[in-house]
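Reader: Before we go through this model, could you show me how to read its features, taking the general idea before the case at hand?

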Amino acid sequence: MDDSQHRRSLLLSLHGLSWRLLEAFDGIARGLWAGLWLGLLTRKHLHLVDQLSYEASKSYTASNHNLSGLFGWETEGIDHYFQDRRRLLLLGAGAGREISPLLERGFDVDAFECHEGLRKTGNALRWILGREKLDFGDDLSPGFAHFFTREAIEEELREAGWRLEFFDRRTYPHAVAIAEEELTHISHQ
Ligand SMILES: C[S@@+](CC[C@H](N)C(=O)[O-])C[C@H]1O[C@@H](n2cnc3c(N)ncnc32)[C@H](O)[C@@H]1O
């Protein structure tokens, strides 16, 4: 190994060592900091610290967080352990990130959250998200109407054993369907 290779290897070893020392120092400093404050603050203070830290973080009230759905490990856990369960108790619900996806999976969910601000945000989001969802094709003109696409009509008819014979969406959309059984009957005559 020549001099320059030796210097480079020494430098890289020092870099690795200094990183491990920094990590150890960081761990010790954090441990001391937490120990000091856990010793000084009462339960009441700790509760207030918790409240303030959730208020300051903003991320738990952000709609992109609360609309992001279940985390991968949560989905896996639910699919694995809760398939035959219908009622769930969600503790530490925050502003409710997990609630909608759990409701959509058919669970009956009771949720608890001790932070008032997160509860308020969560309830406001639930009001928006908890509304009955609109379907593509829903309209007000001025009464409520649902306009089916040709594909949706075809699919529904197929499931019921009918075949779409005619579909026209000019003027007022209209369609004619024929029962498959009836067609078979006709073809036998
Ligand atoms: C890490 S946050 C997670 C929030 C939410 N599950 C999410 O993922 O967006 C933990 C939540 O638990 C709440 N929490 C802590 N102790 C609680 C308790 N004893 N009862 C109810 N909620 C609690 C906190 O206020 C905080 O909102």
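**Reading the model**

Author: Threonine 171 sits in the loop between strand E5 (162–168) and strand E6 (174–179), and its phi is near 45 degrees, a positive value in a residue other than glycine. This is a predicted model, in which local features need pLDDT of at least 70 and side-chain atom pairs count only at pLDDT 80 or more, whereas totals for chains, interfaces and linings use all residues. Residues are numbered from 1 along each chain as its sequence is written.

Reader: Where is lysine 58 placed, and is it buried or exposed?

Author: Lysine 58 belongs to the loop between helix H2 (43–57) and helix H3 (63–66), and it is exposed, with 9 other C-beta atoms within 10 Å. Although lysine 58 is not a glycine, it has a positive phi of about 65 degrees.

Reader: How should I read the confidence, and in which helix is it lowest?

Author: The pLDDT is the predictor's confidence in each residue, from 0 to 100. The protein chain averages a pLDDT of 88, and 93% of the residues score at least 70. Confidence is lowest in helix H8 (residues 180–188), at a mean of 62, and highest in helix H4 (residues 72–81), at 95.

Reader: How many helices and strands does the protein chain have, and what pattern do they follow?

Author: Helices (H or I, at least four residues) and strands (E, at least two) are DSSP runs, numbered from the N terminus. The protein chain has 8 helices and 6 strands, and along the sequence they follow the pattern α-α-α-α-β-α-β-α-β-β-α-β-β-α.

Reader: What radius of gyration does the protein chain have, and what would a compact globule have?

Author: The radius of gyration is taken over C-alpha atoms, and the globule rule is 2.2 Å times the number of residues to the power 0.38. For 189 residues a compact globule would be near 16 Å, but the protein chain has 31 Å. Its C-alpha trace spans about 95 × 60 × 40 Å along the principal axes, and buried residues make up 7% of the 189 residues.

Reader: Which strand is joined to E1, and how many bridges join them?

Author: Two strands pair if DSSP finds at least two bridges between them. Strand E1 (residues 87–91) is joined by 5 bridges to strand E2 (residues 108–112), and the two run parallel. Within this pairing, leucine 89 stands opposite aspartate 110, and leucine 90 stands opposite alanine 111.

Reader: How many residues surround the ligand, and which are the closest?

Author: A residue is near a molecule if its C-beta atom, placed from the backbone, lies within 6 Å of it. The ligand is surrounded by 13 residues, of which the closest are Gly92, Gly94, Arg97, Cys114 and His115. This shell divides into 7 nonpolar, 3 polar and 3 charged residues, where Ala, Val, Leu, Ile, Met, Phe, Trp, Tyr, Cys and Pro count as nonpolar, Asp, Glu, Lys and Arg as charged, and the others, Gly among them, as polar.

Notes: A residue is buried if 20 or more other C-beta atoms lie within 10 Å of its own, exposed if 12 or fewer, and partly exposed in between; C-beta atoms are placed from the backbone.
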